[in-house]
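This note sets out some points on the pockets, cavities and core of the structure shown below. Please read each point with the structure in view.

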Amino acid sequence: MKQTGLDMELATKVTMRDYERGDTQPEDLSPGEVAHLCVMLLSDPDLPDWQARVELRKIQEVCRAEVEGQQAHHLVCGEAGAFKLRRCKRWCELLSSLMMVDLDYIITSLIWHRQGQFEVPESLVVELMKLCMNDDAAKEWARTVSEGGLSVEAANRSLLTKSFGLNEWTRIAHRAGIIDASSQKGLPYGALQSLFQRTHREIVKLMEARAAALKWRSGQEFTRDDTGLIGRNELGILLQTFWQTLPFKALYPSPLHMTVRFVAAAASA
């Protein structure tokens, strides 16, 4: 999961809902440490955060050291055991706490590896929606929050239902630096525009395919908003479709990895 976006760039570049930067720093967990965490959970399904940190610190150095390009997998027996729901849930919570990333990102990574569907966490949607605002809208949003018209939490929630149209798409592409006529590190403007329009035009069919892949309850009817894409699922479809287009699939190992880099680039532009 680390190779596909659950990494330190995510922990340090994207605003988290549940964690604030302070004295505690996120752990750059290696595969060996994650495997050792699994073994500890087999012994104690309610393993507390503090104990996990203490025990992992003992093996941190050897796990993070590469030996001939291989991580220290010898620390864990391959037949150590299996998880059921209780331990799996606690494992996700511990990864979230140790890496200081919202639990949504852990779930997103699991869904991607299991189902091949990019579920965009709400906090990442909020970041994208803020970064694609024009200057006037950004000032108005900030003024409303600062003057007490809306709490930050309520203001962020309101962004989750706003339309993400072609203007927002091209704005975030420009700020992230992915408009590239040579198609080496991005796409020409015309190709970006066509990709968005095609995704928007086919969004009902694409949402139906996603519902089937993720086994959503049957009977849901999907509609298309004329102004743009609405909500994190439709935005996730756009970003996954974008990632599947060259050169992005060659540059980034997953849609999450790509999106985090876009957010970081746009925020610093």
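1. Leaving aside residues up to four places away in sequence, Phe242 touches Trp169, Ile178, Leu187, Leu192, Leu195, Phe248, Met258 and Phe262. Please bear in mind that the model is a predicted one.

2. Phe242 also belongs to the largest nonpolar core, which has 69 residues. Phe242 is among the residues with the most contacts inside this core, together with Leu37, Val101, Tyr105, Phe164 and Trp169.

3. How many cavities of 30 Å³ or more are there? The count comes to four. The volume of the largest cavity is about 70 Å³. Its lining includes Phe164, Trp169, Ile178 and Phe262. Helix H9 (166-176) and helix H12 (231-243) each supply at least two lining residues, and the largest share, four residues, comes from H9. By class, the lining of the largest cavity consists of ten nonpolar residues, with no polar and no charged ones.

4. The second largest cavity holds about 50 Å³ of space. Phe164 and Leu235 are among the residues that line the second largest cavity, and both also line the largest cavity. H6, strand E2 (229-230) and H12 each give at least two residues to the lining of the second largest cavity; the largest share, three residues, is that of H12. This lining divides into eight nonpolar, one polar and two charged residues.

5. The largest pocket has a volume of about 350 Å³. Of the 13 residues that line the largest pocket, Arg17, Ser123, Val126, Glu153 and Asn156 lie nearest its centre. The elements that give two or more residues to this lining are helix H6 (122-131) and helix H8 (152-159). H6 provides the largest share, five residues. Which classes of residue make up the lining of the largest pocket? Four are nonpolar, three are polar and six are charged.

6. The second largest pocket contains about 220 Å³ of space. Its lining has 13 residues, and Met1, Lys2, Leu29, Pro31 and Val34 lie nearest its centre. Helix H2 (31-43) and helix H4 (85-99) are the elements that give two or more residues to this lining, and H2 contributes the largest share, three residues. In the second largest pocket the lining comprises eight nonpolar, four polar and one charged residue.

Methods:
Residues numbered from 1 in each chain as written. Predicted model: local features only at pLDDT ≥ 70, side-chain atom pairs only at ≥ 80, totals over all residues. Heavy atoms only, no water. 1 Å grid on protein atoms, 1.4 Å probe; cavity = no way out; pocket = protein on both sides within 12 Å on 5 of 7 lines; lining within 4 Å. Points joined across faces, edges and corners; volume = space filled by probe spheres on them. Nonpolar A, V, L, I, M, F, W, Y, C, P; charged D, E, K, R; others polar. Core = buried A, V, L, I, M, F, W, Y, C linked by side-chain atoms within 4.5 Å. Buried < 20%, exposed > 50% of the residue type's maximum accessible area, 1.4 Å probe, protein only. Contact = heavy atoms within 4.5 Å.
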